[in-house]
Amino acid sequence: MKIRENDKVYKIVLTALMAALCYVAFAFLKIPIPTFGGDYVALHIGNAFCVLAALLLGGGYGGLAGSLGMTIADLLDPVYITSAPKTFVLKFCIGFISGFVAHKVAKITKEHDARYVAKWTLIASVAGLGFNVVMDPIAGYFYKNYVLGVQSDAAKIMSTWAAGVTFTNAVAGTLVVMAVYMAVRPVLKKAGLFLSI
C-alpha cells in the first residue's frame with residue numbers, strides 16, 4: 001500500500017504510536033534521581049522519541065506525539081504529576097523545532113544520500129534537544145517558583161540538577177535518534193510507508 005502525503009488516518013495512527021513510545025520510554029525506562037528539596041529528575045530517552053516522531057511526521061504531529069506521550073507519563077506518576085503542564089509545552093517545542101529543521105530547512109524526506117540525511121538528522125536532533133537543555137531548567141525554575149510556589153533556593157538547586165540530567169538525556173537521545181531513524185528510514189521507504197513531508 002502506498003501512503004499519500006495527505007493521508008490523515010496514517011498520520012494520526014503514527015502520532016498515537018509515537019506518543020505511546022514516548023510514554024513507555026519515560027514511564028518504564030527511566031532512572032529516577034532524587035534531588036535536594038524532595039524533588040526528582042530522571043535519566044530517560046523519552047525525548048528521543050519526541051525527535052523521532054518529528055523526523056517521521058513533521059514538527060506539528062511529531063511535537064503533538066511527544067507532548068501527549070510525555071504528559072500522560074507525568075500525569076500517571078505521582079512524582080511528576082505537577083510537571084505535566086510544563087512537560088506538554090516543552091516536549092511540543094522539541095518536536096516542532098526538530099521537525100522544522102529537518103523538513104523545512106533540510107527537506108530530509110526528499111531524495112538525498114545517506115550522509116546528507118545523517119548530517120541533518122544530527123542537526124535537527126541537536127536543535128530540538130539543545131532547546132530542551134536550555135529551556136527545561138529555566139522553565140522549571142520559573143514554574144516551580146511562581147506556579148507551584150516552591151521556595152526560591154530549592155527551585156535553584158532543582159534547576160541545577162535538572163540542567164545536568166537534561167544534558168545527559170540529550171546526548172543519549174541524540175544517539176538513539178541517529179541509530180533508529182537511519183535504520184527505520186530505508187525500511188519505511190521500501191514498504192511504501194514513508195511520508196514525504
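Thr174 is situated in helix α6 (residues 152–191), where helices are DSSP runs of H or I with at least four residues, numbered from the N terminus. The structure is a predicted model, in which local features need pLDDT of at least 70 and side-chain atom pairs count only at pLDDT 80 or more, while totals for chains, interfaces and linings use all residues. Residues are numbered from 1 along each chain as its sequence is written, and side-chain values use heavy atoms, with hydrogens and water left out.

With a relative accessibility of 11%, Thr174 is classed as buried (buried means under 20% relative accessible area, exposed over 50%, and partly exposed in between, with a 1.4 Å probe and protein chains only). The side chain of Thr174 makes a polar contact with the backbone oxygen of Ala170 at 2.8 Å; such a contact is a pair of N or O atoms within 3.5 Å, of which, within protein, one must be able to donate a hydrogen and the other to accept it, and residues adjacent in sequence count only if both atoms are side-chain atoms. When residues up to four places away in sequence are not counted, Thr174 touches Leu122, Ser125 and Leu129, contact being defined as heavy atoms within 4.5 Å.

Ile123 belongs to helix α5 (residues 114–147). Its relative accessible area is 34%, and Ile123 is therefore partly exposed. A distance of 8.4 Å separates the C-alpha atoms of Ile123 and Ser98, which are 25 residues apart along the chain.

Ser98 also takes part in the contact of α4 with α2. The axes of helix α2 (residues 46–57) and helix α4 (residues 84–105) come within 8 Å and cross at roughly 40°; axes are lines fitted to C-alpha atoms, for helices over the stretch in contact, and angles run from 0 to 180 degrees between N-to-C directions. The two helices α2 and α4 are therefore oblique to each other (angles under 35 degrees count as roughly parallel, over 145 as roughly antiparallel, 65 to 115 as roughly perpendicular and the rest as oblique). Residues Asn47, Cys50, Val51, Ala54 and Leu55 of α2 meet Lys91, Ile94, Gly95, Ser98, Gly99, Ala102 and His103 of α4.

Thr109 is found in the loop between α4 and α5 and, at 5% relative accessibility, is buried. A polar atom of the Thr109 side chain lies 3.1 Å from the backbone nitrogen of Ile197. Apart from neighbours within four places in sequence, Thr109 contacts His103, Arg185, Phe194, Leu195, Ser196 and Ile197.
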